[in-house]
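Please look through the sequence and the model below before reading on. The briefing that follows takes up charged pairs, a helix, a surface patch and a loop residue in turn.

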Amino acid sequence: MIWSVADFADFPFWVRALFTTADFAIRIALLGIVPGNRRPAVAMAWLLVIFFFPVPGLLLFLTFGSFRLGGQRRSRQVAVNSELRRATAHLDLPDQVGAAPDYVAANSKLTRRLTGFPMLDGNSFEYLTDYRLTLQKMAADIDRAQDYVNVMFYIIGTDPKHRRGYADLVLDAMTRAVTRGVKVRLLFDHIGTARIKGYRQLLARLDAAGIEYFRLMPVRPWRGQYQRPDLRNHRKMVVVDGIVGYTGSINLIEPGYKRASAHRLNRHWVDMMARIEGPTVASLDVVFATDWFSETGKQLHQELRDVTEAEIEDHEGPAAQVIPSGPGFSHENNLRAFNHLFYSAQEIIRVVTPYLVPDDSMLYALTTAAQRGVRVEVLVVRRADQLAVQHAQQSYYEQLLRAGIHIYRYPDPDVLHSKMFTIDDDVGVFGSSNMDMRSFSLNSELTVMVVGSEEVAKLDAIIDMYQAKCEHLLLKDWLARPRHHRWVDNVFRLTSALQ
């Protein structure tokens, strides 16, 4: 017990007895409550917090302990999922995985059952790694919009005076689109964006431009808007007229994230975004429409461009499938799809992620692949932008290295923020999802799986570019670290399990 009897020596006996009884009752009750529908590691982490810090631990558990959506939002999500399946029901799978291995077809079937989204071919992908060029292309496509523009980002921030020509390019193009009579809709994560310097000026700018916008997962209890504050919408996308789409890891902000510390270090976030044409763009639109409905209660499906019969019949171009995930889905869609692909690899797995804090299932999938002879390469940042994640991530390195996994660390001060992986020369995966428990359970994420050796080669070329700048971490060097560094890493590993 953290509380000592001496702490209550001056209180009447009945007060001490009542407190002691309540203390034991709470602990015993939570022993049977906390583990419910949680991973054992998560339950143990919560119980440890509550044991050492009973009152604050209990308050934290009541605030953050459940990743279920709130009542109204949960009922809307049920309606959203039903509408999503209705909107994609006509898009059958006419063997559009082509000549891909059976495991890719099986993964596509799994995802279809979990999300309703099909795999459709006839797409084209342009993978963009130049931060400024990506935003320039977005702005140019928005300037060509004739009907509507749907935009959703986790973080939005206007350009600071000394770093022009980034987010403002897209915001200005959206303003011009509104002036032309184009319908412009914008969604952004409330907490992700509100913490960025200049938030109120951003809202004033959007209001003045006439852009219709809503906060995703708002935490504004004074307006009756509240849910667990660390359930966030981490998706990033732009859709123009249902014809051109963008998705990936970039946020709508300059590459230093308007952080004075990053500017002093000349730190940049390194990202990849895909420009997409073809039927997969319609899937992005459906994801946007479901998030729009979740926040507004308004249906958009009738206002969006659908996949045409000609596009369904046109098989020229790679097959791809959108994988939405998050607390609105009950089966951790991204985690299941990723693990299935890892277990299916025969030759090589190449992973790029800024945050590698796997749950046990993914840890076993990766280490098992390495132990059966698959070359597994993982590219991570040498110094992450989040201290807790950095230490939690490092706590896994020894186990990964001992299993034969190759770890490459991208040099600081930059943050390798791209999220992607490839399996053999069969399939590539990219999007907003990190390889951590937050992305699997707490964040709404958006991932795209693309099939074919040509697309894998393009993604591998980007990974090669990143890897050429990396330091190859060796087990002997990692084991030579001071013991107190390992201790700190292991402490933060415990916190990574809290949900």
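**Salt bridges and their surroundings**

Lys 137 and Glu 126 form a salt bridge in which the closest N and O atoms are 3.4 Å apart. Lys 137 belongs to helix α6 (residues 131–143) and Glu 126 to strand β2 (residues 124–128), so this pair ties together parts that are eleven residues apart in sequence. The model is a predicted one, and the structure holds 25 salt bridges, some of which are described here.

**Charged pairs between separate parts of the chain**

- Side chains of opposite charge can pair when their charged atoms come close.
- In the pair described above, Lys 137 counts as partly exposed because its relative accessibility is 26%, and Glu 126 likewise counts as partly exposed, at 31%.
- A salt bridge also joins the side chains of Asp 168 and Arg 205, with an N to O distance of 2.9 Å. Since Asp 168 lies in helix α7 and Arg 205 in helix α9 (residues 199–209), the pair ties together parts that are 37 residues apart in sequence.
- Asp 168 counts as buried, at 10% relative accessibility, whereas Arg 205 is partly exposed, with a relative accessible area of 25%.
- The side chains of Asp 189 and Arg 232 meet in a salt bridge of 3.0 Å, taken from N to O. Here Asp 189 sits in strand β4 and Arg 232 in the loop between β5 (212–216) and β6 (237–240), so parts that are 43 residues apart in sequence are tied together.
- Both members of this pair, Asp 189 and Arg 232, are buried.

**Arg 350 and its network**

- Arg 350 is found in strand β11 (residues 348–352), and because its relative accessible area is 6%, which is under 20%, Arg 350 is buried.
- A network of salt bridges links Arg 350 with Arg 375, Glu 377, Asp 460 and Asp 464.
- The side chain of Arg 350 makes a polar contact of 3.0 Å with the side chain of Glu 377, and a polar contact of 3.5 Å joins the side chains of Arg 350 and Asp 460.
- When neighbours within four places in sequence are left aside, the residues in contact with Arg 350 include Met 420, Phe 421, Thr 422, Ile 463 and Gln 467.

**Helix α5**

- Helix α5 (residues 102–115) has 14 residues, which at 1.5 Å a residue should span 20 Å, and this agrees with its end C-alpha atoms being 20 Å apart.
- An α-helix has 3.6 residues a turn, so residues three or four places apart point the same way.
- Among the buried residues of α5 are Val 104, Asn 107, Ser 108, Thr 111, Arg 112 and Thr 115.
- Just after α5 comes Gly 116, which takes a positive phi of about 90 degrees.

**A nonpolar patch on the surface**

- Leu 48, Phe 51, Phe 52, Phe 53 and Leu 494 form a nonpolar patch on the surface, and together they have about 480 Å² of accessible area.
- Helix α2 (residues 40–52) gives the most to this patch, with three residues.
- Phe 51 lies in helix α2 and counts as partly exposed, at 39% relative accessibility.

**Where is Gly 181 placed?**

- Gly 181 is in the loop between α7 (167–179) and β4 (183–189).
- With a relative accessible area of 60%, which is over 50%, Gly 181 is exposed.
- Gly 181 and Ala 145 are 36 residues apart along the chain, and their C-alpha atoms are separated by 9.9 Å.

Definitions and conventions
Residues numbered from 1 in each chain as written. Predicted model: local features only at pLDDT ≥ 70, side-chain atom pairs only at ≥ 80, totals over all residues. Heavy atoms only, no water. Helix = DSSP H or I, 4+ residues; strand = E, 2+ residues; numbered from the N terminus. Buried < 20%, exposed > 50% of the residue type's maximum accessible area, 1.4 Å probe, protein only. Expected span 1.5 Å × (residues − 1). Patch = residues over 30% accessible without salt bridge, like charges linked within 9 Å, V, L, I, M, F, W, Y side chains within 5 Å. Areas by Shrake-Rupley, 256 points an atom, 1.4 Å probe, with all protein chains shown as cover. Salt bridge = Lys/Arg side-chain N within 4 Å of Asp/Glu carboxyl O. Polar contact = N/O pair within 3.5 Å; in protein donor to acceptor, adjacent residues only side chain to side chain. Contact = heavy atoms within 4.5 Å.
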